[in-house]
Amino acid sequence: MTEPIRVAVVDYGAGNLVSIRNALRQLGADVSVAETPGQLKGAEVILVPGVGASEAAMGRLRRQGLVEPIVERVRAGTWFVGICLGLQLLFETSHEDGAQMLGLLDGDVEVIPGAPSLPHIGWNRLEIQQQHPVLEGLADGTPAYFVHSYVPVPADPAAVVAETEHGGRFASLVAVDRILGFQFHPERSGRDGLRMLQNTLGLIAADRPAPAEVTA
Amino acid sequence: MLLKRVIPCLDVKDGRVVKGVRFVDLTDEGDPPELAKRYAEAGADEICFLDITAAPEGRGTLLDIVERTASQVFVPLSVGGGVRSAQDMRDVLRAGADKVAVNTAAVDDPDLVKSCARRFGNQCVVISVDARAVPGQTGRWEVVVQGGRKPTGLDAIEWIDRCVENGAGEVLLTSIDRDGTQEGFDIELLRIVTERVRVPVIASGGAGTPADMIAAVTEGNADAVLAASIFHRDIHSIDAVKADMAAAGVPVRLGGGNA
């Protein structure tokens, strides 16, 4: 029996946590809510959800003293999953409001180029750019549910796992080492979305250190 | 490119789904979360609850339903009916709804849409408009409220413009003339509204066949279609409707499912 993955869902007042918490629990994860640095302790993955503006979100993370602890833990090898705004916060500067963000990934956040309508709300397709375990079992063109106007532009094109088109094209799924970012809402993307979350938990489980060998 | 959505609407009264819903093997045919889950499994792109409870003390029951639904349904959830204030909207969103539709309350308080959009973001504020054709005047519709019983004197097209300017992120447009008839959507109304606004428009009122859904999207340029009775009575299943739409060249999400 594998132990459930310990997920800390960061609560910084940016949107409700109900859906993501429920989805992870349904998948058997051990979910706790973290509002303080101390509550990140013991988490195998830090999950940052969120909807809204980046500057306000960074302000709340700073006031709760979470910015440094999150950056330090992720640099030290803790998994990070960002959803929607939580993905955007990984980058450097947001052109939405000039916010200086976590800077764990190189690149900025910009409005969706050439968008026929904003916000981009609804189901749209993931066009797979490279194979990644998070997409195991999912076909190219799988639909996912989006609610946003801004998108990350990773400096390193190799970070882009999937793209989506809404007028222009943008990175909708980003992965670098132990960092995963969904621009869409897997917790609202039906069976396919849950599959991606399950794949994510599987990746984290497979990455656990092997049990210490008993030496004679 | 955004896919066209198919949305079943469940009328909820005093915590129970009303209007006949038929699934042969359901243990409880009136339980909103159970029905919502069933629809999500059948490929619904979003679930809409419309609370028609008259008594204000029924609010707690609705929040409980939203919470129980959000814990087992993993597609977006919209809730309408009885939301009178930003505080009401906050409660429904915190219970796990993704969007909240306002109708009568927005007519009574023209600042409601603006204050809710500012506080929660345009993406979760849906303006629900019940429009009735003005007799003898082609191309004119009047806003009616209280389930179509009360005329307001407002021109529906101007009202929608105003609500979108105030920050409504989506329009749920119901033709009261077609509602419940299963004779097809009011395509002319849809076409006029979709030409004017940049936010998504959900067609409602009159769905009878998959061909009606296709017409709403291809001729009326609707972004989504909402229906109640044809799904509840199992006249057409959601996945069958979507398969027909796909065959007609409408981009939809196939093989979706909940979990």
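**Entry 1: a turn in chain A**

Which residue in the turn between strand 10 and strand 11 of chain A has a positive phi? I looked at the hairpin that these two strands form and found one residue between them. That turn holds Gly167(A), with a positive phi of about 80°. I keep in mind that this is a predicted model.

Strand 10 and strand 11 of chain A run antiparallel and are joined by six bridges. In one of the pairs I checked, His166(A) stands opposite Gly168(A) of strand 11.

**Entry 2: the next hairpin along**

I went on from strand 11 to strand 12 of chain A. These strands also run antiparallel, with four bridges between them. Their hairpin has two residues between the strands, and Asp177(A) takes a positive phi near 50° there. I noted that Ala175(A) has Leu180(A), in strand 12, as its bridge partner.

Leu180(A) came up again when I turned to strand 4. Strand 4 and strand 12 of chain A pair in the parallel sense over four bridges. Here the bridge partner of Val81(A) is Leu180(A).

**Entry 3: the sheet in chain A**

In what order do the eight strands of the open sheet in chain A stand? I wrote down 2-1-3-4-12-11-10-7, with mixed pairing. Strand 2 (30–34) and strand 7 (127–128) of chain A are at the edges. Each has a single partner strand, so one side of each has no neighbour in the sheet.

I reminded myself of a rule for reading such a sheet: in a regular strand the side chains alternate between the two faces.

**Entry 4: helix 5 of chain A**

Helix 5 of chain A covers residues 190–206, which is 17 residues. From its first C-alpha to its last I noted 25 Å, close to the 24 Å expected at 1.5 Å a residue.

I listed the buried residues of this helix; among them are Gly190(A), Asp192(A), Arg195(A), Leu197(A), Leu201(A) and Ile204(A). What covers the buried residues of helix 5? From chain A the cover includes helix 1 (18–26), strand 3 (45–48), strand 4 (79–83), strand 8 (143–148) and strand 12 (179–182). Helix 1 (32–41) of chain B is also part of the cover.

I picked one residue of helix 5 to follow, Leu197(A). Why does Leu197(A) count as buried? The cut-off is 20 or more other C-beta atoms within 10 Å, and Leu197(A) counts as buried because it has 25 C-beta neighbours inside 10 Å. Leaving aside neighbours within four places in sequence, I found Leu197(A) in contact with Ala23(A), Leu24(A), Leu27(A), Pro186(A) and Glu187(A). I also took one separation: Leu197(A) and Gly65(A) are 132 residues apart in sequence and 27 Å apart in space, C-alpha to C-alpha.

**Entry 5: where the chains touch**

How many residues does each chain bring to the contact? Chain A brings 25 residues and chain B brings 27 residues. On the chain A side, helix 1, strand 6 (120–125), strand 8, strand 10 (160–166) and helix 5 each supply at least two residues. Helix 1 of chain A gives the most, with five residues. By class, I wrote down ten nonpolar, eleven polar and four charged residues for the side of chain A that touches chain B.

For the complex, the predictor gives an ipTM of 0.89 and a pTM of 0.92.

**Entry 6: chain A as a whole**

Chain A has five helices and twelve strands. Its radius of gyration is 17 Å, which agrees with the value near 17 Å for a compact globule of 216 residues. The C-alpha atoms fill a box of roughly 65 × 40 × 30 Å along the principal axes. Of the 216 residues, 49% count as buried. Among contacts in chain A with a separation of 6 or more, 71% are between residues 24 or more positions apart.

**Entry 7: chain B as a whole**

Chain B has ten helices and eleven strands. Its radius of gyration is 17 Å, close to the 18 Å that the globule rule gives for 259 residues, so chain B is as compact as a globular protein of that length. The C-alpha trace spans about 45 × 45 × 35 Å along its principal axes. Buried residues make up 53% of the chain. The average pLDDT of chain B is 90, and 92% of the residues score at least 70.

I ended on one hairpin of chain B. Strand 7 (residues 141–145) and strand 8 (residues 150–155) of chain B pair in the antiparallel sense over three bridges. Glu142(B) has Asp155(B) as its bridge partner. Four residues lie between the strands, and Gln146(B) in the turn has a positive phi of about 55°.

Key: Residues are numbered from 1 along each chain as its sequence is written. Chains are lettered from A and ligands numbered from 1 in the order in which they are written. The expected span of a helix is 1.5 Å times one less than its number of residues. A residue is buried if 20 or more other C-beta atoms lie within 10 Å of its own, exposed if 12 or fewer, and partly exposed in between; C-beta atoms are placed from the backbone. Two residues are in contact if their C-beta atoms, placed from the backbone, lie within 7 Å. Ala, Val, Leu, Ile, Met, Phe, Trp, Tyr, Cys and Pro count as nonpolar, Asp, Glu, Lys and Arg as charged, and the others, Gly among them, as polar. Two strands pair if DSSP finds at least two bridges between them. pLDDT is the predictor's confidence in each residue, from 0 to 100. The radius of gyration is taken over C-alpha atoms; the globule rule is 2.2 Å times the number of residues to the power 0.38.
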